[in-house]
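Please walk me through this structure.

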Amino acid sequence: MKDCKSKAKEVRITNPNQQEQDSTGKIITNWDFDAMNPAGGILSNTVDLSKFAMANFSNDSILLFQRQKTYESKYNSIAIGWNLFTFGGTGVPSGYFHPGGNGGYSSSLIVDTNDKLAIVVLTNVSCFHPKSENIYVLG
């Protein structure tokens with residue numbers, strides 16, 4: 001991913017020293033996941049997640065495998081670790097997204113493999129905050 005930085009449209013870090021906040025805006029300590037680490041222990045940043053998103057534009061066999069539809073209902077479709085979305089009524093997934101959050105952070109990664117676009121949103125707003133859904137609207 002040598003040219004990742006040249007392809008990025010915008011990377012904005014407003015305050016890298018900002019601590020996580022609960023639903024009232026009070027500063028809280030980081031959650032310690034221990035046994036739950038696979039369900040929310042990812043530690044990353046916008047640069048690394050941008051590289052991961054861009055890797056999904058390739059034909060890498062492992063990344064293609066993880067994006068295969070494994071479940072479908074009339075409301076949503078799911079792949080391994082991804083929610084799927086479609087545009088244009090084709091029924092063929094055109095993008096993948098995965099939101100996340102805990103007591104002090106919320107995030108969202110959206111990857112449109114057809115148009116080779118990605119959005120990374122990382123915040124220090126609790127997923128329990130009354131307006132945390134606004135984070136997913138940003139995408």
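Asn-56 is buried, at 1% relative accessibility. Buried here means under 20% relative accessible area, exposed means over 50%, and partly exposed is in between (1.4 Å probe, protein chains only). Asn-56 sits in the loop between α2 (46–55) and α3 (61–66). Helices (H or I, at least four residues) and strands (E, at least two) are DSSP runs, numbered from the N terminus. The side chain of Asn-56 reaches back to the backbone oxygen of Phe-52, at 2.9 Å. For such a polar contact, two N or O atoms must lie within 3.5 Å; within protein, one must be able to donate a hydrogen and the other to accept it, and residues adjacent in sequence count only if both atoms are side-chain atoms. Beyond its neighbours within four places in sequence, Asn-56 is in contact with Leu-63, Gln-66, Arg-67, Trp-82, Val-111 and Thr-113. Contact means heavy atoms within 4.5 Å.

The model is a predicted one: local features need pLDDT of at least 70, side-chain atom pairs count only at pLDDT 80 or more, and totals for chains, interfaces and linings use all residues. Residues are numbered from 1 along each chain as its sequence is written, and side-chain values use heavy atoms, with hydrogens and water left out.

Now the overall layout. The chain has 4 helices and 6 strands. Along the sequence they follow the pattern α-α-α-β-β-β-β-β-β-α. Of the 139 residues in the chain, 28% are buried. Take the contacts between residues at least 6 apart in sequence: 39% of them join residues at least 24 apart.

Next, the core. In soluble globular proteins, nonpolar side chains tend to be buried together. The largest nonpolar core holds 10 residues: Leu-49, Ala-53, Met-54, Phe-57, Ala-79, Trp-82, Leu-84, Tyr-96, Leu-109 and Val-111. Such a core is a set of buried Ala, Val, Leu, Ile, Met, Phe, Trp, Tyr and Cys residues, joined through side-chain atoms within 4.5 Å. At least two residues of this core come from each of α2, β3 and β5 (106–112). Helix α2 gives the most, with 3 residues.

Which rings pair up? The count comes to 3 aromatic pairs. Rings of Phe, Tyr and Trp (its six-membered ring) pair if their centres lie within 6.5 Å; planes under 30 degrees apart count as stacked, over 60 as edge-to-face and the rest as tilted. Trp-82 and Tyr-96 form an edge-to-face pair, with centres 6.1 Å apart and 65° between the planes. Trp-82 lies in strand β3 (residues 82–85) and Tyr-96 in strand β4 (residues 95–101), so this pair ties together parts 14 residues apart in sequence. Trp-82 is buried, at 4% relative accessible area. Tyr-96 is buried too, at 8%. Phe-85 and Phe-97 form a tilted pair: 6.3 Å centre to centre, 40° between the planes. Phe-85 belongs to β3 and Phe-97 to β4, so the pair ties together parts 12 residues apart in sequence. Phe-85 is buried, at 17%, whereas Phe-97 is partly exposed, at 29%.

Ring pairs also link Phe-52, Trp-82 and Tyr-96 into a cluster. Arg-67 lies over the face of Tyr-96, at 5.2 Å from the ring centre. The rule for this asks for NZ of Lys or CZ of Arg within 6 Å of the ring centre and within 35 degrees of the ring normal.

Strand β4 also contains Gly-100. Gly-100 is partly exposed, at 22% relative accessibility. Gly-100 and Cys-127 are 27 residues apart in sequence, but 7.8 Å apart in space, C-alpha to C-alpha.

Side chains of opposite charge can pair when their charged atoms come close. How many salt bridges does a search of the whole structure find? It finds 1. A salt bridge needs a side-chain nitrogen of Lys or Arg within 4 Å of a carboxyl oxygen of Asp or Glu. Lys-69 and Glu-72 form it, with the closest N and O atoms 3.5 Å apart. Lys-69 is partly exposed, at 36%, and Glu-72 is exposed, at 52%. Ser-73 is found in the loop between β1 (71–72) and β2 (77–79). Ser-73 is partly exposed, at 25%. The Ser-73 side chain reaches the backbone nitrogen of Tyr-75, at 3.1 Å.
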